[in-house]
Amino acid sequence: MQWIKVPLILAVLLVMVALFQRRQRVEFRAGSRLLALGLGMLAVLSVAFPGIPQAVADRLGVARGTDLILYMLIVVFVLTSLGLYFRLREADERLRRLARSMAIERALNEQGFANPSPEGDGRQGDAGP
Amino acid sequence: MASHSQVWVVVPTYNEAPVVGDVLRGLLAVFPQVVAVDDGSTDGSGDAIRQAGARLVTHPINMGAGAALQTGIDFALRDPNMRTVVTFDADGQHRVEDAVGMVEYLSRRDLDVVIGSRFLGSEAVNMPASKRRLLKVATVFEKLTSGVKLTDAHQGLRAFNRGFAQKLQMRTPDMGWASEFLSRIQETEARFEEYPVSVEYSEYSRAKGQRSINSVNIGIDVLINRLLRGHR
């Protein structure tokens, strides 16, 4: 194995983290949509002209066109998984905030904000709002 | 003694029906305001809480210990008279007198945060040796990720003032909340000290306690949260 691969792989990982930290920015959203469009067009083209992947693979020094497509699939899969993971994290956080505010409002509605008044205990509290 | 009417005790509860009632009654004997957050329990913990006479906030779904704690803190913050929040585990491992001592210590020393430690002075009763070692590793990990040095890690008994409660706003839903808590101390430059507490590891709490392997999950979640901190 050539050791140049280690910094290359690290660099890819770093770029991905940096990208995802800025994923809320419009440039990033626009970029990923353009990328998706480009890939879609590429897919159509390589179905119509099956020679294209092989020609590109030859240029890049990859043995077969199918290998090249596999590599691209892996990259897209990793990016998609990460994107979904982050999106799930955010959705969970929103759900928690919603559930929390529901729970608190319901508790306040049911019991007011006076001190606890357990059944028959007679504990006296200050008046709540 | 500081006025206990300005103290709210937050007790996150998940499936602790056999013990939570006694825990809450013990607290209510000293602190008039106790809120238990039922984190979607399925064993009737909510009824036990109601019968004990504590305030009950019920999560409609299970969301994790950290999320339950934050709910209790948010609830306490709705009380304009609240000056101090105490967090207290529902499984009966903490002692009420330690909580009283921490509240008193917090106001006497004019601190923002007091965190209980099982390793300062008094010994943890019946703590398994493997757990002791794991907690040592955890303190080093927390020092590295948050920059705050403690003698104990993931200890549930804590007391802090209103100002810190407002800044806390924890987003970690699960057991990793303790690390986010420390990060917040670091970020807000809060004045904090540890306070010796003793913990009783009963048959019950040992059976319910965290499995050690889960510390791997907690650690990785903490690292991811650090990596993404501030980016939403």
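The exercises below, each with a worked solution, concern a predicted model with chains A and B.

**Exercise 1. Describe the make-up of chain A and of chain B: how many helices and strands does each have, and what share of the residues is buried?**

Step 1. Begin with chain A, whose secondary structure comes to 4 helices and 0 strands, so that the pattern read along the sequence is α-α-α-α.

Step 2. Turn to burial in chain A, where 19% of the 129 residues count as buried, and to its surface, which is about 9,800 Å² with 69% supplied by carbon and sulfur atoms.

Step 3. Take the contacts of chain A between residues at least 6 apart in sequence, of which 33% join residues at least 24 apart.

Step 4. Repeat these steps for chain B, which has 9 helices and 7 strands, and in which buried residues make up 55% of the 232 residues. Its accessible surface comes to about 9,600 Å², with 52% belonging to carbon and sulfur atoms, and among its contacts between residues at least 6 apart in sequence, 74% join residues at least 24 apart.

**Exercise 2. Work out how helix 5 and helix 9 of chain B are oriented to each other, and which residues meet.**

Step 1. Two packed helices are described by the angle between their axes and the distance between the axes.

Step 2. For helix 5 (residues 129–146) and helix 9 (residues 214–227) of chain B, the axes come within 12 Å and cross at roughly 5°.

Step 3. Angles under 35 degrees count as roughly parallel, and helix 5 and helix 9 of chain B are therefore roughly parallel to each other.

Step 4. From helix 5 of chain B, the residues B:L134, B:F141 and B:T145 take part, and they meet B:S215, B:G219, B:V222, B:L223 and B:R226 in helix 9 of chain B. The residues of this contact divide into 4 nonpolar, 3 polar and 1 charged.

**Exercise 3. Find which residues touch the most other members of the largest nonpolar core, and which elements supply it.**

Step 1. The largest nonpolar core has 39 residues, of which B:V9, B:V11, B:L24, B:L27, B:F31, B:V34 and B:F88 touch the most other members.

Step 2. At least two residues each come from strand 1 (7–13), helix 1 (17–28), strand 2 (34–38), helix 2 (45–52), helix 4 (96–108) and helix 5 of chain B, and helix 4 of chain B gives the most, with 7 residues.

Step 3. Apart from this core lies another, of 30 residues, among them B:W8, B:V85, B:A165 and B:W177.

Step 4. Look in detail at B:F31, which, not counting residues up to four places away in sequence, touches B:H4, B:V7, B:V9, B:V96, B:A99, B:V100 and B:V103.

**Exercise 4. Decide whether B:A159 is buried or exposed, and state what it touches.**

Step 1. B:A159 lies in strand 6 (residues 158–161) of chain B, and its relative accessibility is 0%. Since buried means under 20%, B:A159 counts as buried.

Step 2. Leaving out residues up to four places away in sequence, B:A159 touches B:V85, B:V86, B:M102, B:L106, B:D112, B:V113 and B:V114.

Step 3. The C-alpha atoms of B:A159 and B:V9 are separated by 8.8 Å, although these residues are 150 residues apart along the chain.

**Exercise 5. Locate B:N15 and B:D110, and state the phi of each.**

Step 1. Most residues other than glycine have a negative phi.

Step 2. B:N15, in the loop between strand 1 and helix 1 of chain B, has a positive phi near 50°, and B:N15 is buried, with a relative accessible area of 18%.

Step 3. B:D110, in the loop between helix 4 and strand 5 (113–117) of chain B, also has a positive phi, near 55°.

Note on methods
Residues numbered from 1 in each chain as written. Chains lettered and ligands numbered in written order. Predicted model: local features only at pLDDT ≥ 70, side-chain atom pairs only at ≥ 80, totals over all residues. Heavy atoms only, no water. Axes fitted to C-alpha atoms, helices over the stretch in contact; angles between N-to-C directions. Parallel < 35°, antiparallel > 145°, perpendicular 65-115°, else oblique. Contact = heavy atoms within 4.5 Å. Nonpolar A, V, L, I, M, F, W, Y, C, P; charged D, E, K, R; others polar. Core = buried A, V, L, I, M, F, W, Y, C linked by side-chain atoms within 4.5 Å. Buried < 20%, exposed > 50% of the residue type's maximum accessible area, 1.4 Å probe, protein only. Areas by Shrake-Rupley, 256 points an atom, 1.4 Å probe, with all protein chains shown as cover.
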